[in-house]
Amino acid sequence: MSGTVAAVDLGATSGRVVLGHAGPGELRMRELARFPNGPVRVRGSLHWNVLELHRQVCAALELAAREADPVSVGIDSWAVDYALLRGGRMLGTPHHYRDERTTAAVADVHSVIGPAELYEVNGLQHLPFNTIFQLAADRRSGLLAVAERMLLLPDLLAYWLTGEQVAERTNASTTGLLDVRTAEWSEPLAARLGHDRGLLPPLVSPGERIGALDTGVPVTAVGSHDTASAVVAVPARDESFAYISCGTWSLVGVELERPLLSEAGRAANFTNELGVDGRIRYLHNVMGLWLLTECVAEWERTGPAVDLPALLAAAAEVPPVAEFDADDPRFLAPGDMPARITAWLTEHDRPVPRDRAEFTRCILESLASAYAESVARLEILTGRALSAVHVVGGGARNELLCRLTAERTGRPVVAGPVEATALGNVLVQARAAGLLTGGLESLRALVRSTAEPRTYRPGEVRAR
């Protein structure tokens with residue numbers, strides 16, 4: 001038996017809805033709709049235009065119903081951001097995680113529970129925009145005092161489609177309020193921070209039914225954190241792999257059976273997030289292709305449109321250049337990225353790129369080195385030898401980045417599938433609908449048999 005599901009895949013710069021057809025030995029996708037997404041600045045604050053996202057999703061699902069009659073719908077998006085509700089209605093427009101409102105709120109949380117104790121509960125890498133700190137900012141503003149419920153963004157859209165308020169576990173694990181050992185909300189932690197128990201909705205796991213559209217089509221929980229869905233579709237043969245889910249952010253990690261809560265891991269800023277089928281995504285966040293995207297935006301603000309393929313080709317011809325720390329928090333906020341990279345290099349007495357091709361090479365070299373450092377640290381922290389690095393997501397298209405990553409890590413880089421997040425979304429839905437069977441290894445075997453990843457090996461970067 002085979003059938004079709006609809007995957008709603010929302011990223012920080014664009015969203016799309018795809019139709020996935022799956023069955024024994026079958027897996028293919030077709031993009032049905034794509035639409036832009038991005039922050040809206042209102043009086044100095046960054047927000048998400050979630051009502052427009054909802055409108056676009058509804059229009060695409062209506063088209064899906066006419067063209068393919070899907071047996072299920074699933075939604076994934078980026079992590080940590082949320083809406084507050086009262087009486088089922090949204091209180092204000094959700095903030096963007098790059099908004100700077102959490103600067104003071106981090107200290108508010110750490111005054112109640114210190115970083116080491118917090119890591120023992122939630123296992124999370126410290127990032128100033130984690131939900132736990134955003135909620136502290138909402139408490140400072142007074143908004144939290146009138147809120148009855150918090151819904152992460154994929155759960156918000158699912159609520160608008162079904163009327164059911166839930167929290168899917170893979171995304172909930174990024175909030176800082178989930179006990180990573182039990183995969184349940186940490187009621188003691190929430191109480192210490194002053195959160196009413198009702199603020200946190202009931203939890204569901206990937207594969208569970210959330211509710212249904214007005215047409216009766218089920219809405220199925222998937223790995224609603226986009227990285228959780230992407231990792232499902234990594235075409236690995238065994239556990240000796242590292243993955244890089246490479247897009248706006250680069251998530252460099254491995255898959256574990258249980259959380260790793262060592263002090264060494266906390267000091268190295270590695271995080272434990274839930275994956276599909278109870279797996280743990282043990283990973284480090286690297287700033288990602290955001291660095292290049294923001295440079296391109298600045299160049300286009302002051303000049304003509306940038307031909308990205310031509311720019312990458314020019315960067316491949318540039319000799320190796322100076323590198324910068326791609327994890328420096330100064331690169332988190334939107335703005336003039338070339339100026340910030342220049343400032344970092346100047347402060348550290350390193351040569352500044354002379355043109356856009358050198359800037360691009362500088363960014364990709366710096367990312368590849370950050371990836372290599374994370375992979376090496378993963379081997380130390382987990383005690384696991386890693387034989388290959390799988391790059392999935394948009395970065396799998398970037399040939400120079402993949403070649404540099406193979407060179408820096410000293411391991412083969414398997415690039416693809418590009419559409420891993422949507423594929424993982426489709427796979428979990430298809431299994432829940434009875435179109436596929438088996439565990440993650442079976443699902444990954446299907447990806448291997450239907451996709452054509454490209455392998456890059458160390459030593460292939462052109463010598464100058």
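Helices here are DSSP runs of H or I with at least four residues, strands are runs of E with at least two, and both are numbered from the N terminus.

A few friendly notes on this model follow. The model is predicted, with local features needing pLDDT of at least 70 and side-chain atom pairs counting only at pLDDT 80 or more, while totals for chains, interfaces and linings use all residues. Residues are numbered from 1 along each chain as its sequence is written, and side-chain values use heavy atoms, with hydrogens and water left out.

1. Let me begin with two backbone details. G416 and P417 are joined by a cis peptide bond, with omega about 5°. P417 sits in the loop between β21 (413-415) and α15 (420-432). A183, although not a glycine, has a positive phi of about 60°, and A183 is in the loop between β11 (178-179) and β12 (184-185). As background, most peptide bonds are trans, and most residues other than glycine have a negative phi.

2. Next, a helix pair. The axes of α1 (residues 50-67) and α5 (residues 153-162) come within 11 Å and cross at roughly 55°. That makes α1 oblique to α5; angles under 35 degrees count as roughly parallel, over 145 as roughly antiparallel, 65 to 115 as roughly perpendicular, and the rest as oblique. Axes are lines fitted to C-alpha atoms, for helices over the stretch in contact, with angles from 0 to 180 degrees between N-to-C directions. The crossing of α1 and α5 is right-handed, meaning the near helix is turned clockwise from the far one by less than a right angle.

3. Which residues make that contact (heavy atoms within 4.5 Å)? From α1, V50, L51, H54, C58 and L61 meet L153, L156, L157, W160 and L161 of α5. The contact of α1 with α5 has nine nonpolar residues, one polar and no charged. Here Ala, Val, Leu, Ile, Met, Phe, Trp, Tyr, Cys and Pro count as nonpolar, Asp, Glu, Lys and Arg as charged, and the others, Gly among them, as polar.

4. A second pair is α11 (residues 308-316) with α13, whose axes are 8 Å apart at an angle of about 75°. That makes α11 roughly perpendicular to α13. In α11, L311, L312, A314, A315 and A316 meet R356, A357, T360, R361 and L364 in α13. By class, the contact of α11 with α13 has seven nonpolar, one polar and two charged residues.

5. On a 1 Å grid over the protein atoms alone, a pocket is an open set of points with protein on both sides within 12 Å along at least five of seven lines, a cavity is a set where a 1.4 Å probe fits but cannot get out, and lining residues have an atom within 4 Å of a point. The second largest pocket holds about 450 Å³ of space. Of its 26 lining residues, N269, H284, N285, D327 and D328 are the closest to the centre. β19 (280-286) and α13 (356-382) are the elements giving two or more residues to this lining, and α13 gives the most, with six.

6. Finally, the cavities. Residues lining the largest cavity include G74, I75, D155 and E168. α5 supplies the largest share of that lining, three residues.

Methods
Grid points are joined across faces, edges and corners, and a volume is the space filled by probe spheres set on the points. Contact means heavy atoms within 4.5 Å.
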